[in-house]
Amino acid sequence: MTDNTKLLEKVKKYLHVTWNDEDDDLKELIEEAKQYLNEKTGTAIEYEKDLVALGLLKDYCRYTRNYSKEYFEQNFLNEIQNLQFKYAINEKTENSDEWKS
């Protein structure tokens with residue numbers, strides 16, 4: 001598991017968790033959320049820099065923690081698709097020299 005200390009603090013603040021008893025569970029939720037969103041976008045997102053992705057990560061944790069994960073994709077489909085488009089465009093822009101040849 002990677003070091004998610006900063007993400008953990010942001011997720012705890014978002015979920016209004018002021019105690020440390022759930023830290024291990026929340027770290028697992030964060031890893032699950034990162035994997036989910038990274039797979040959806042096809043890239044390794046830098047959550048500290050991408051505030052939209054960070055918001056989705058926090059909401060994924062909220063839905064999962066509240067036993068409602070099955071509704072997350074349905075309720076955030078538009079945001080997930082926008083994130084997918086953003087990273088697809090970024091990738092194409094980065095590889096634009098390849099397209100010119």
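Me: What percentage of the contacts between residues at least 6 apart in sequence join residues at least 24 apart?
Reply: The model is a predicted one, and its elements follow the pattern α-α-α-α-α-α along the sequence, with six helices and zero strands in the protein. Taking the contacts between residues at least 6 apart in sequence, the share that joins residues at least 24 apart is 57%.

Me: How many residues does helix 3 have, and what span does it reach from its first C-alpha to its last?
Reply: Helix 3 covers residues 51-65, which gives 15 residues. At 1.5 Å a residue the expected span is 21 Å, and the reach from the first C-alpha to the last is close to that, at 21 Å.

Me: Which residue caps the N-terminal end of helix 3?
Reply: The backbone nitrogen of Val52 has a side-chain oxygen 3.1 Å away, and that oxygen belongs to the residue capping the N-terminal end of helix 3. Just after helix 3, Tyr67 takes a positive phi of about 60 degrees. The N-terminal cap itself is Asp50.

Me: Which residues of helix 3 make the contact with helix 1, and is the crossing left-handed or right-handed?
Reply: On the side of helix 1, the contact is made by Leu7, Lys10, Val11, Tyr14 and Leu15. On the side of helix 3, the contact is made by Leu54, Leu57, Lys58, Asp59, Cys61, Arg62 and Arg65. The crossing of helix 1 and helix 3 is right-handed.

Me: At what angle do helix 2 and helix 3 pack?
Reply: Helix 2, residues 23-41, has its axis 9 Å from that of helix 3, and it passes helix 3 in a right-handed crossing. The contact draws on residues of helix 2 including Leu26, Leu29, Ile30 and Ala33, and on residues of helix 3 including Ala53, Leu56, Tyr60 and Thr64. Helix 2 is oblique to helix 3, the packing angle being about 125 degrees.

Me: Which residue follows helix 2 with a positive phi?
Reply: Helix 2 has 19 residues and reaches 27 Å from its first C-alpha to its last, close to the 27 Å expected at 1.5 Å a residue. Its buried residues include Asp23, Leu26, Leu29, Tyr36 and Thr41. After helix 2 comes a residue whose phi is positive, near 75 degrees, and that residue is Gly42.

Me: What distance separates the C-alpha atoms of Asp3 and Glu31?
Reply: Asp3 is placed in the segment before helix 1 and counts as exposed, at 68% relative accessibility. Along the chain, Asp3 and Glu31 are 28 residues apart, and their C-alpha atoms are separated by 9.8 Å.

Terms used:
Residues are numbered from 1 along each chain as its sequence is written. This is a predicted model: local features need pLDDT of at least 70, side-chain atom pairs count only at pLDDT 80 or more; totals for chains, interfaces and linings use all residues. Side-chain values use heavy atoms; hydrogens and water are left out. Helices (H or I, at least four residues) and strands (E, at least two) are DSSP runs, numbered from the N terminus. The expected span of a helix is 1.5 Å times one less than its number of residues. A polar contact is a pair of N or O atoms within 3.5 Å; within protein, one must be able to donate a hydrogen and the other to accept it, and residues adjacent in sequence count only if both atoms are side-chain atoms. A crossing is left-handed if the near helix is turned anticlockwise from the far one by less than a right angle, and right-handed if clockwise. Contact means heavy atoms within 4.5 Å. Axes are lines fitted to C-alpha atoms, for helices over the stretch in contact, and angles run from 0 to 180 degrees between N-to-C directions. Angles under 35 degrees count as roughly parallel, over 145 as roughly antiparallel, 65 to 115 as roughly perpendicular and the rest as oblique. Buried means under 20% relative accessible area, exposed over 50%, partly exposed in between (1.4 Å probe, protein chains only).
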